[in-house]
Amino acid sequence: MRSVEIFDSTLRDGAQSAGISFSVEDKLHIARALARLGIPYIEAGNPASNPKDIEFFLRAQKIPELFSRLVAFGSTHRRGNRPQEDPLCQRLLEAGTGCVCIFGKSSKIQASRVLGVSMEENLSMIADTVRFFCSRGRQVFYDAEHFFDGYHDDPAYSLATLRAAREAGAQRLILCDTNGGSFPEDIAAITRKAAGEFGDCIGIHCHDDMGCAVAGSLMAVEAGAVQVQGTFLGYGERCGNANLSAIIPSLQLKRGYPCLPGEQLRRLTKTARYIAGISNFILPPQLPYIGSSAFAHKGGMHIDAVQKYSGSFEHIDPALVGNERDLLLSEQSGRTGLLLKLSAAVPGLQRDSSEAAELVELLKRMEYEGYQFESATASFELLVLRRLGRLQPFYQVELFRSIGEQSDEAHTRPSSATVKVRVGNKTEITADEGDGPVNALDRALRKALEAFYPAVRQMRLTDYKVRVMEPQNATAAKVRVFIESSDGENSWTTVGVSTDIINASFRALTDAVDYKLYCDARK
């Protein structure tokens, strides 16, 4: 079975996503993570577009094992210039990468209306630019922008742009569904025609404006594409790009196309969480393969069936992509589901024991009081361990207080918090500020504990949700607070319930820290 090249554009196309702004350090961290995973081509930016990308390429040159995978991105030379005189082309050369990706117009309409050039001039710009970089010893990939739209308008011309790039020396011809509006079967049919004419040099680059980017990419590979371009978590402009974290395992596990070397596929989930953390992006739990709910089962027959035969409700072994099965806890779980969930944390707990019966009743009572452990399994695991006497407290909070400053004219709501903790016979009192009382408490708590447990510096709050459970009680109602935390490799969710939102939040915060310390202690 032929292998499929993976071309990751998280640092270039993904950076165009709303709400994402990578620093140079961010880009270096993400590039290293992708390189460790075994991604062969990492498109790292356009050195002609901004100083940040120029600095990135300069710094990356000092990391040979990383730099060898990087690709610089740019356009064909400007109208009226020769490539050797075009400053944009010169900056691409100065980036120093062994591979460059050049995009050009493969649509008559785009060439005439956007570039304002004749069809012949557009072909010359493509060929001259590719030839220029090939003559400078660069491996050249040609991104055929708007290829599928152009093909529908004039197939012969769109194919002519590919021919111009190929004859000038381009090693890959990438068919781009730039507007994300092509149906997968159309992508497959057109890709098959291109592969039939140009051979094993076709790649695919899909956007997700119809929600079909992954499907279109998979069908393009079946039709002959040897390279898939996308972003690792589907980041990108508008609706995003093809999500490589779904494409890679689908191709490798389902169709047998090698994409990553050796056992690297098992790093997929860890890498996804790491990149999401740097991007300040909350991973949707329902993401295929890597999401926290991708292999989650709730209650009754599903839990029973998946234990007897995992293929009942799991299309692959979650360990193949570095994920794990999650048995969701609720009043529907019953004793079997509870014991399965806790088997790792509480080894030896017997189904018919008094402890098991007590824990089932505890779960039901706590949920009746407003707790919900379906997603906040970290809090329930801690609750059980404390109840069974299997978890010694890492610290004791002796006091906490928060003060908020409110002004209708203020653009922010600055708050301060003070936390006093005791570890053994030592105490630490720390204050900090934050954007709101919960953020201030989070910062103060972790700062107080850093002197005793430096690992808490790795933690950060990634999501915060509040639900009012008794709206009929108005301002006296109970609230349920969920906090999702991450240390860059793993994520976990904790819960707190109280009639006081600050108290509920602090309960969830302390559970989050406790769970981090507990997991570290188990290693």
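Modeller: Happy to! The general idea comes first: two strands count as paired if DSSP finds at least two bridges between them. Keep in mind that this is a predicted model.

Colleague: How many bridges join β14 to strand β15?

Modeller: There are 8, and the two strands run antiparallel, with β15 covering residues 479-486. As one example, V468 has V479 in β15 as its bridge partner.

Colleague: In what order do the strands of this sheet come?

Modeller: The order is β14-β15-β16, an open sheet of 3 strands with antiparallel pairing. β14 (460-468) and β16 (491-498) each have a single partner strand, so they stand at the edges and one side of each lacks a neighbour in the sheet. On average, neighbouring strands here are turned by 20 degrees against each other, direction ignored.

Colleague: Which helix lies across β14, β15 and β16?

Modeller: That is α18, residues 501-522, and its direction is at about 150 degrees to β16.

Colleague: Now a side chain. Is Y464 buried, partly exposed or exposed?

Modeller: Buried means under 20% relative accessible area and exposed means over 50%, with partly exposed in between. Y464 has 30%, so this residue is partly exposed.

Note on methods. Residues numbered from 1 in each chain as written. Predicted model: local features only at pLDDT ≥ 70, side-chain atom pairs only at ≥ 80, totals over all residues. Heavy atoms only, no water. Helix = DSSP H or I, 4+ residues; strand = E, 2+ residues; numbered from the N terminus. Axes fitted to C-alpha atoms, helices over the stretch in contact; angles between N-to-C directions. Contact = heavy atoms within 4.5 Å. Buried < 20%, exposed > 50% of the residue type's maximum accessible area, 1.4 Å probe, protein only.
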